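Please read it with the structure open.

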Amino acid sequence: MEANALLIVDEKPLSLRQCLRYLQIGGKLQGFIGDVLRQYVLEQELETREGLEINSAMVEQAAVDFRLQNQLTDAQTFQDWLVRNGTTYDLFHSQIKNSFKLEKLKAQITEPRLQEHFIDRKLMLDRIVLSRIVVESKEMAEELHTQIAEGGSFEQLAREYSKADERVANGMMGPVSRGTMPDVLRSALDSVEPGSVVGPLPIENYWAIFRVEQFLFATLEDAQLKQTMQGELFERWLTEKIQSMTVKLQVNE
């Protein structure tokens with residue numbers, strides 16, 4: 001019986017079928033199968049796809065860096081760490097190598113679609129730093145706009161008259177995604193420069209005056225943003241790959 005056991009708990013063997021049943025009862029079986037399929041697809045791609053060769057010196061340097069960062073330079077300390085983490089020296093190196101290959105795989109998969117995906121998302125990614133004054137009537141908003149145009153302090157008027165919470169911060173809203181803005185505001189901001197005062201505009205049940213502080217336009221030259229875009233595309237590709245597979249659950253004792 002123990003030969004077919006997946007786990008032995010307090011000397012009692014648990015078969016694979018029992019373990020899967022427990023996962024199913026706990027609502028975790030689908031997630032478990034999904035994780036297995038994900039790893040299966042990745043390993044198949046890493047083993048068969050061309051152009052993923054990794055320089056062995058790069059792997060060795062990454063291993064050294066990891067040991068330095070985690071204070072594992074002593075041979076016995078490192079061996080103890082391997083045992084605690086249920087791994088071996090060869091598996092440790094293999095995992096490092098696969099992590100480099102995975103990054104190359106991501107680049108291969110996502111590069112042809114990266115620009116198109118970025119353009120699709122750009123409206124949500126572009127942000128504008130705004131300040132605003134929110135009042136209940138159009139007449140009040142027009143009066144405040146006139147005062148600002150004549151040299152009045154936007155910050156002071158925001159503190160005195162705005163109904164919005166950010167009045168305590170001189171009306172400063174901070175960065176706002178263009179994609180989440182009301183259409184009337186986004187249209188009004190399309191052709192203005194930083195420092196411009198826009199409004200009054202009807203926003204829900206109020207009237208608002210906005211001042212443009214700064215434009216934060218998204219670009220793929222931003223390494224962190226590019227990495228995020230690649231991650232989104234890669235996860236989409238992986239999901240589509242798994243969904244196209246025919247999977248049958250078959251467990252024998």
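The model is predicted.

**Nonpolar core**

The largest nonpolar core holds 16 residues. Those that touch the most other members are Ile128, Leu130, Met181, Leu185, Leu189, Phe210 and Val212. At least two core residues come from each of β3 (127–135), α8 (183–189), β5 (197–203) and β6 (206–216). The largest share, 4 residues, is supplied by β6. In soluble globular proteins, nonpolar side chains tend to be buried together.

Methionine 181 can be followed individually. Apart from neighbours within four places in sequence, methionine 181 contacts Ile128, Leu130, Val176, Arg186 and Leu189.

**Alanine 141**

Helix α6 (residues 138–149) contains alanine 141. This residue has 1% relative accessibility and so counts as buried, the cut-off being under 20%. With residues up to four places away in sequence left out, alanine 141 touches Val135, Pro200, Trp207 and Ile209. Tyrosine 206 is 65 residues away from alanine 141 along the chain, yet their C-alpha atoms are 9.4 Å apart.

**Aromatic pairs**

The whole structure contains 8 aromatic pairs. In the pair formed by tryptophan 81 and phenylalanine 92, the ring centres are 5.8 Å apart and the planes meet at 80°, so the arrangement is edge-to-face. Tryptophan 81 belongs to helix α4 (residues 75–84) and phenylalanine 92 to helix α5 (residues 89–125), so the pair ties together parts 11 residues apart in sequence. Tryptophan 81 and phenylalanine 92 are both buried.

A cluster linked by ring pairs consists of Phe66, Phe78, Trp81, Tyr89 and Phe92. Phenylalanine 78 also has a charged neighbour: arginine 67 lies over the face of its ring, 4.0 Å from the ring centre.

| Residues | Points compared | Distance |
|---|---|---|
| Tryptophan 81 and phenylalanine 92 | Ring centres | 5.8 Å |
| Arginine 67 and phenylalanine 78 | Arginine to ring centre | 4.0 Å |
| Alanine 141 and tyrosine 206 | C-alpha atoms | 9.4 Å |

**Helices α2 and α9**

Two packed helices are described by the angle between their axes and the distance between the axes. For helix α2 (residues 29–48) and helix α9 (residues 223–243), the axes come within 10 Å and cross at roughly 105°. The two helices are therefore roughly perpendicular to each other. On the α2 side, the residues that meet α9 are Gly34, Leu37, Arg38, Val41, Leu42 and Glu45. Their counterparts in α9 are Phe234, Glu235, Trp237, Leu238, Lys241 and Ile242.

Terms used:
Residues are numbered from 1 along each chain as its sequence is written. This is a predicted model: local features need pLDDT of at least 70, side-chain atom pairs count only at pLDDT 80 or more; totals for chains, interfaces and linings use all residues. Side-chain values use heavy atoms; hydrogens and water are left out. A nonpolar core is a set of buried Ala, Val, Leu, Ile, Met, Phe, Trp, Tyr and Cys residues joined through side-chain atoms within 4.5 Å. Buried means under 20% relative accessible area, exposed over 50%, partly exposed in between (1.4 Å probe, protein chains only). Contact means heavy atoms within 4.5 Å. Rings of Phe, Tyr and Trp (its six-membered ring) pair if their centres lie within 6.5 Å; planes under 30 degrees apart count as stacked, over 60 as edge-to-face and the rest as tilted. A charge sits over a ring if NZ of Lys or CZ of Arg is within 6 Å of the ring centre and within 35 degrees of the ring normal. Axes are lines fitted to C-alpha atoms, for helices over the stretch in contact, and angles run from 0 to 180 degrees between N-to-C directions. Angles under 35 degrees count as roughly parallel, over 145 as roughly antiparallel, 65 to 115 as roughly perpendicular and the rest as oblique.
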